[in-house]
Amino acid sequence: MIKVLNVAEKPSVAKSVATILSRNQLRVRDGRSRYNKIFEFNYSINGQQCHMLVTSVTGHLMEVEFEDRFRKWHSCDPADLYTAPVRKYVPEDKLDIKRTLEEEARRCHWLVLWLDCDREGENIAFEVMEVCKGVNRNLTIRRARFSALIERDIHEAAQNLIAPNQWFSDAVDARQEIDLRIGASFTRFQTMLLRDRFVIDSAQDDRNLVLSYGPCQFPTLGFVVERYWEIQSHEPEEFWTINCTHRSDEGLASFSWMRGHLFDYTSSVILYEMCVEEPTATVTKVQQQEKLKYPPYPLSTIELEKRASRYFRMSSEQTMKVAEDLYQAGFISYPRTETDSFSSRTDLHTIVQEHQEHPVWGSYAQRLLDPGAGLWRNPSNGGHDDKAHPPIHPTKFSAGESRWSQDHHRLYELVVRHFLACVSQPAVGAETVVEIDIAGERFSASGRVILAKNYLDVYRFESWGDSMIPTHVQGQQFIPATLTLDSGVTRPPPLLSEADLLSCMDKAGIGTDATMHDHIKKLLDRFYVTKDANTRFSPTNLGEALVMGYDDMGYELWKPNLRSLMEYDMKEVSVGNKSKAEVLATCLQQMKACFLDAKVNKVKLLEAMAIFFNRSDRSNGDDSSALGENVRPCGLCQEANMVLKKNRDGNFMVGCSGFPQCRNAVWLPGPVLEATITNNICNSCTPGCIGGCDETLRQLIEICGTGSRVQARGRPPTTTPSNGPPTTTPSNPQRSNSRQAPCIYCYQTGHASTDCPSRISATRHVQSHGMNQQNGESSIPCSTCGTPCVLRTANTANNRGRKFYSCSSQACNFFVWEDSLNNGSAPRSAPRQNISSSASNPSRRGGRGRGVQNAGRAGDVTFVSATGEPISGRRCFVCGDPSHFANACPSRGS
DNA sequence: GCAAGGTC
């Protein structure tokens, strides 16, 4: 009888394969590794009787590493790591598996490889082959190709064995080698360059800090930094929108402007005024239609991580840890899968049946199985299939185990509810959209009534709002209860959440479903990013400085393109279009050139780090001689010295070495080519004067202003010193005078918001357009701002001669028709309710404005209504001064 | 001390 050694990628697969092939008639014995059992049984392959031994590895059996003489960090120039010999070897913790394979292979005739059918699996197959052939050269080697652990697939695979695919394996070899060489060279380079030169305060012991670089971790960091920069450089922009409401017996309907919003105030006011003049609304369209909200696709790893993060704020790392636990205990299926569609052969009903007894969702499971309820629906297909694992689904019923943590309970519940949702009908709603026309401007309001919740009954994590809208009929006319011109300001997008970050990585092909959470954790472990309570990521100074340094070199080493290109090449290798050697040669040659260039431009990294960190006295750097010279004691914190530095743009600054606790700094104008410290002390001022008595420099500062710190990327200092204003030095007179709150309209200082020239002209335009001011008396106080109102007469077409009160403040557009105040019975063409504008009245906007989501100019922008006050917490992104916005930053003049 | 990819 032929003895066949079968090897699977993991113990669970070995067990499944053995169980299926033996029809559960098998013997089990231990191997040398406690996890990797050996199953024995007889089986016929193509009519040939075989004695089968089925065992497993645990993923890769081998690792790739540099030869010993290159392993010590100081053993060679990191550039040598692009050519240093590497070897594949079985690490210590896999030696017992290797011995099992060797012992069994010696006694076998055939080796059949049951590794996962992807590139990594193929590579592991070649590792197994190498070990087995090492002890038995006469082995006949075959590959089993299967896509699911079900009877038909496994038997088919066993009867149709094929040859291993060298190209697939080669692609992984190339990836491994490239990752190692790039990762090790850049990690050693940047760690040895930066760690000892700076006091990196994030690390408790920065002597042991490793500043790692990796082709997956850096693009992941890049996503975080890029979003952060986007937020920092966002300049709030005011916009205007017209809203109106209609009150009827059934309630209030809120209509929003179908133009969305305009950024031009004058245009908005003109359109608004047209509406005010002819406020009769005509219903132009009433549309009712059924809307469906579909259940999610079957659960893949990334979706599991994203949803656990969104619903429970669990980190992706914790999610995978708990999922692995549940999987090991048999409660859920294999948790590392890209597949989001169920095979038609999966018995979905049986899985639902198991949950009928559950105290919480059991009744829902019963309804699902009741054909009369009509709740069942075959799950939709998400379009991904890794050909190895089904979507994550419950495999064993549990009403909760006593040893489970809260996270175990939550995750199991998510998996079960998600599964039940997948086999349920979509929620059904009836949506009503009403459109109206006021003076040619169109507005719409919508409402929704949920007719059947269906899957939402079990998937408590999702909701679908119910909102009633009073009945309207086409052609109906009404006078709005309110018609307002509201304003808001654009807001930057939020920081990336963990779910966002996973989506970015998924989209760019960074990492795999099984490793993405590792890359995120690595960024946290390396102190490159922090995560707040809302699972949103910010770069640390360290993370930002590293990205900034490479960005300044002009390299996109922190962007996902590099990985994408590598992936493309790997694909070419795996289909035989390119050879492993060819891809390795070109890729490593390019990366080495890039590395050597980075070494030449290391000053960019040093400069970026110098923005955020103090120099360390451990430094023996060769590039610091021109930097860090003491000028004088810092007059602000009186603790540290002011030192002469050069920033990353090549500009000089004299900054407090107590940074970031103290941010005292003088920025010398860009045209200054050289700055040195001399022993000369001028006669006209006290020691410590910087440039104030140097007439040439004084004029330069007048002409050019002072440079900003990181103006291009818009990174503000993160804190302002507690013991004084950010920076008030003789060289920056504009900044020292800018403590007055800026105008909320133009963000300039020098005038109050109520006196903003831009508003005055806009208001005047409105007045001249439609209304004549009378020399009326101030008879009532403005209900908005309290300023006395003036009685005026309208001379517009529809309201000529009609009187209204309007606020005498030019910054407040409140007005009210006189006749509407008297008895509430308005003339025929007049509105029944007050119609007032709040456009230029800051104090009213808070109560009027509507939050508008995702309607901004640039991508993922959120708008909210303005409060009328300068937005608290917002500060100039250029210099960090809260007294003005970026548009008015004195430094921008240069 | 370094990467990323498998896995218990």
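Visitor: Which residue in β19 is the bridge partner of Lys-531?
Guide: Phe-537 is the partner in β19. This is a predicted model, where local features need pLDDT of at least 70, side-chain atom pairs count only at pLDDT 80 or more, and totals for chains, interfaces and linings use all residues; side-chain values use heavy atoms, without hydrogens and water. Residues are numbered from 1 along each chain as its sequence is written, with chains lettered from A and ligands numbered from 1 in the order written.

Visitor: How many bridges join β18 to β19?
Guide: Three, and the two strands run antiparallel. Strands (E, at least two residues) and helices (H or I, at least four) are DSSP runs numbered from the N terminus, and two strands pair if DSSP finds at least two bridges between them.

Visitor: What's the strand order in the sheet?
Guide: β17-β19-β18, an open, antiparallel sheet of three strands. β17 (496-497) and β18 (529-531) each have a single partner strand, so one side of each lacks a neighbour in the sheet.

Visitor: OK, helices now. At roughly what angle do α5 and α18 cross?
Guide: Roughly 55 degrees, with the axes of α5 (166-194) and α18 (602-612) coming within 11 Å. Axes are lines fitted to C-alpha atoms, for helices over the stretch in contact, and angles run from 0 to 180 degrees between N-to-C directions.

Visitor: Which residues make that contact?
Guide: Phe-189, Leu-193 and Leu-194 of α5 meet Lys-602, Leu-605, Leu-606 and Met-609 of α18, contact meaning heavy atoms within 4.5 Å.
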